[in-house]
Amino acid sequence: MEFCNLASGSRGNCTVISTDRVNIMIDDGLNLRALTERARLANIDLSTIDAILITHEHTDHVKGIASFCKKYSVPVYCHAESKEFLEPMIYPYVLDTDMDSPFELGDLTITPFRLPHDSNYNLGYKITQGKSVISIATDLGFVSEGTLEKLKGSDFVMLESNHDIDMLREGEYPFILKQRIMGKNGHLSNDDCAQAVLELARNGTKRFLLAHLSQDNNTPELAFDCTAKNLEKNYFTEGQDVFVDLANQYKSTRKFKI
Ligand SMILES: [Zn+2]
Ligand SMILES: [Zn+2]
């Protein structure tokens, strides 16, 4: 499998996963023009996308799908509770799929799982090709035991590292918004991300992509250091035993081969 994140953060999210047989996009929160340019730079041909999987119906994850579907006639997979919201925008492209059970797309097995977030519903995805496993979990208030179990055994995990708790506490956001972000249905802090990464590294995951970093309450350095230092405190060497990369709001990651 090949994994490329084209954008990550509250201004738009999009990831493409490809095999020789199938190309899937997870979320489309970029307008078509920005997505087209980002894909061109990443050497991704958008006309080859076979399906879009939606995590949840927040604008930063779905803003681009109406124009994308119209141009490329691509089927959309999302949870029934997000479908209610999305269908008026993209009828007839949303499929009636049972997102509570695993399903196949080409040579991929897709296992959706629920994440705690303040949307109608939010899905993480475990994507398997043969023995290779990629998991994606962003926009989650906390990492439950159940979520951790779903993520265990992955070769590559894209996990949210949204905010530095001190920056958020001391920052300019209104109290109510701070409470929302810090809440059980908000976004994942660097500390909580670091703890989950450590648990997963102990279970054999070697590669992580920290994602959905806040522009206002985080920096790439703080997010990276929080996770890397926690690993090193626990006898993992980042860059040797475990590899940690950062997703970016404004540019694609490199293509990871998993
Ligand atoms: Zn989001
Ligand atoms: Zn969200």
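Helix α9 is followed by Tyr 235, whose phi is positive, near 70°. Helices (H or I, at least four residues) and strands (E, at least two) are DSSP runs, numbered from the N terminus. The model is predicted; local features need pLDDT of at least 70, side-chain atom pairs count only at pLDDT 80 or more, and totals for chains, interfaces and linings use all residues. Residues are numbered from 1 along each chain as its sequence is written, while chains are lettered from A and ligands numbered from 1 in the order in which they are written.

**Helices α9 and α8**

The end C-alpha atoms of α9 are 20 Å apart, which agrees with the 20 Å that its 14 residues should span at 1.5 Å a residue. The expected span of a helix is 1.5 Å times one less than its number of residues. Helix α8 has 13 residues, and its reach of 18 Å from first to last C-alpha is close to the 18 Å expected. Just after α8, Gly 204 takes a positive phi of about 105°.

| Helix | Number of residues | Span, first to last C-alpha | Expected span |
|---|---|---|---|
| α8 | 13 residues | 18 Å | 18 Å |

A residue counts as buried if 20 or more other C-beta atoms lie within 10 Å of its own, as exposed if 12 or fewer do, and as partly exposed in between, with C-beta atoms placed from the backbone. The buried residues of α9 are Ala 223, Cys 226, Thr 227, Ala 228, Asn 230 and Leu 231. They pack against α8, β11 and β12; contact here means that the C-beta atoms of two residues, placed from the backbone, lie within 7 Å. In α8 the buried residues include Asn 190, Asp 192, Cys 193 and Val 197. The buried residues of α8 pack against α5 (145-151), β10, β11 and α9.

**The sheet**

An open sheet is formed by 7 strands in the order β6-β7-β8-β9-β10-β11-β12, with mixed pairing. Two strands pair if DSSP finds at least two bridges between them. The edge strands, β6 (103-105) and β12, each pair on one side only. From one strand to the next, the twist averages 20°.

Strand β11 (residues 207-211) runs parallel to β12 and is joined to it by 4 bridges. Leu 210 stands opposite Leu 246 in β12. Helix α8 (residues 190-202) packs on the sheet, touching β10 (156-160) and β11, and its direction makes about 165° with that of β10. Helix α9 (residues 220-233) also packs on the sheet; it touches β11 and β12, and its direction makes about 165° with that of β12. Axes are lines fitted to C-alpha atoms, for helices over the stretch in contact, and angles run from 0 to 180 degrees between N-to-C directions.

In β10, 5 of its 5 residues are buried. Phe 156, Met 158 and Glu 160 point one way from the strand, and Val 157 and Leu 159 point the other way. In a regular strand the side chains alternate between the two faces of the sheet.

Strand β9 (residues 132-137) is parallel to β10, with 4 bridges between them. Ile 134 stands opposite Phe 156 in β10. The chain crosses from β9 through α5 to β10 in a right-handed β-α-β crossover: with the strands pointing away from the viewer, the path from the first strand over the helix to the second runs clockwise. Strands β10 and β11 are also parallel and are joined by 5 bridges. The bridge partner of Val 157 in β11 is Phe 208.

The largest nonpolar core has 68 residues. Such a core is a set of buried Ala, Val, Leu, Ile, Met, Phe, Trp, Tyr and Cys residues joined through C-beta atoms within 7 Å. Leu 53, Val 76, Leu 159, Val 197 and Leu 210 have the most contacts inside this core, and α8 gives the most to it, with 6 residues. Leu 159 touches, among others, Cys 193, Ala 196, Val 197, Phe 208 and Leu 210.

**Two further residues**

Leu 108 lies in strand β7 (residues 108-114). It is buried because 23 other C-beta atoms lie within 10 Å. Tyr 250 lies in the loop between β12 (243-246) and β13 (256-257). Tyr 250 is exposed, since 12 other C-beta atoms lie within 10 Å. Its C-alpha atom is separated by 8.1 Å from that of Leu 6, 244 residues apart along the chain.

How values were computed: Lists of a residue's contacts leave out its neighbours within four places in sequence.
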